[in-house]
Amino acid sequence: MRVCLWGTRGSIASAGPETVRYGGNTACAEVEGRDGTIVVLDAGTGVRRVGNTYHEPRRLDILLTHLHMDHIQGLGFFAPLFQKDFEVHVWGPPSTTQDLRTRLTRYLSPPLFPVRLRDVAARLELHDAPMGRFEIGGLAVTAQTVIHPGQTLGYRISDGESAMAYLPDHEPALGVDEMPTSADWTSGHDLAAGVDLLVHDAQYTADEYAQRVGWGHSRVSDAVDLARMSGARRLVTFHHDPAHNDETLDDMLAGAQARAADALEVLPGREGQTFRI
Amino acid sequence: MQGTGWHNPHMAQHDVGLILMRQLASGLDVPMLLADENGDLLFFNEPAEVLLGQRFDDVGELPLDERRAMFAFRDEAGNPVPPDQPPLVVALRERRPVHRRVWMRGFDGTDHEIEVTAFPLLGGGGHLIGGVAMFWVAKKA
């Protein structure tokens, strides 16, 4: 399985010389299974670049964790949507009140966006992601609700030999006196359990989190603790705060690596980075 | 790297709706009990410990049948509430809120006249993930 990070920033794109090593595009990752099945995770501004890499008509699946702007803002710039021979499936968190098309159209329609979803050239299908396990080509996908404001999913993806989990926006410590607590009462545990690669929210320092409880994100230490508890082999820090420059992120990574010690490998979530698991 | 393949052998976690409800219950001063979709006891908070006469840590999670055996309801006339009629059981079965005044005998054998508000919890996609019972010590008329 190949996992490539196309956008690692949270909240808002933050390009500039101070963020050049970790990247400024918002959430997007690409997963390719052994059989060539491709799944794109989230459609933040990073999805524009990955879209430009698909030259031959094919099926592409985009799994949205939730519909906050930093996870959908790039969708209108995803080139395959505007090529008629492509087949694009977009999966998102289910709602009991509005279907995914209605919710996405709030953004992808005038006056916020010039092109309507119904006018794209590709064959576009939108789906409420089933809770639990479903298959896309040669990949088994598990969707599960995680703690974040609004209906938000995390995903676990396996090709039968290896597994990765993607929880870009997640606050497992919400309401908990101390992390880690028991596995059965920890949001995200089952998605992350035993994976080869865990891509996880690590937006805040401890001091920042104290001022932002309930905003839906993790301290770096929470990401490490969840990874250790769930037996993940490698943790990739993700959803970097737009106020954090490369040096700050280096420091946060060093802290995470120290906390993890020998229990797991902690790697920096850098735009353009590829992992083979 | 050797992976876990299709199967996740470590599945242990409750639905996030239950996790959030437990956290909410832990922070409130209203006695609350949390059950899964089958009625099995998952948690009760500290104010409920006072009513039930035992600490949650000493009781732990309990299947519905064991819970029934450990604390029982009687109606206002003193008759036992049938096993399919406790408020939380009805709330889960019929997916509706239930409010009822009953006598409850806790784990310690003490009787309390209480009002129970029970309601089902519907998770993402509208599926039943569990239910909550809130206990109100009855005020004398």
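Helices (H or I, at least four residues) and strands (E, at least two) are taken here as DSSP runs, numbered from the N terminus. The structure is a predicted model, in which local features need pLDDT of at least 70 and side-chain atom pairs count only at pLDDT 80 or more, whereas totals for chains, interfaces and linings use all residues. Residues are numbered from 1 along each chain as its sequence is written, while chains are lettered from A and ligands numbered from 1 in the order in which they are written.

Read along the sequence, chain B shows the pattern α-β-β-α-α-α-β-α-β-β-β, that is, 5 helices and 6 strands. The C-alpha trace of chain B spans about 70 × 30 × 25 Å along its principal axes. Of its 141 residues, 34% count as buried, a residue being buried if 20 or more other C-beta atoms lie within 10 Å of its own, exposed if 12 or fewer, and partly exposed in between, with C-beta atoms placed from the backbone. Two residues are in contact if their C-beta atoms, placed in that way, lie within 7 Å. Among contacts in chain B between residues at least 6 apart in sequence, 47% join residues at least 24 apart.

In chain A, an open sheet of 7 strands has the order β6-β5-β4-β3-β2-β1-β14, with mixed pairing; two strands pair if DSSP finds at least two bridges between them. Strands β6 (123–128) and β14 (274–276) of chain A stand at the edges with a single partner strand each, so one side of each is left without a neighbour in the sheet. Direction ignored, neighbouring strands of this sheet are turned by 20° against each other on average, the axes being lines fitted to C-alpha atoms. Within the sheet, β3 (residues 38–41) and β4 (residues 59–63) of chain A run parallel and are joined by 3 bridges. A:Val40 has A:Ile62 in β4(A) as its bridge partner.

Helix α7 (residues 246–260) of chain A has 15 residues and reaches 21 Å from its first C-alpha to its last, close to the 21 Å expected at 1.5 Å a residue; the expected span is 1.5 Å times one less than the number of residues. The buried residues of α7(A) are A:Leu249, A:Met252 and A:Ala256. These residues cover an arc of only 60° around the axis, which puts them on the same side of α7(A); the arc is that of the directions from the helix axis to the C-beta atoms. An α-helix has 3.6 residues a turn, so residues three or four places apart point the same way. The buried residues of α7(A) pack against α6 (220–230), β12 (234–238) and β13 (265–267) of chain A, whereas A:Glu247 and A:Ala258 on the other side are exposed.

Notes: Axes are lines fitted to C-alpha atoms, for helices over the stretch in contact, and angles run from 0 to 180 degrees between N-to-C directions.
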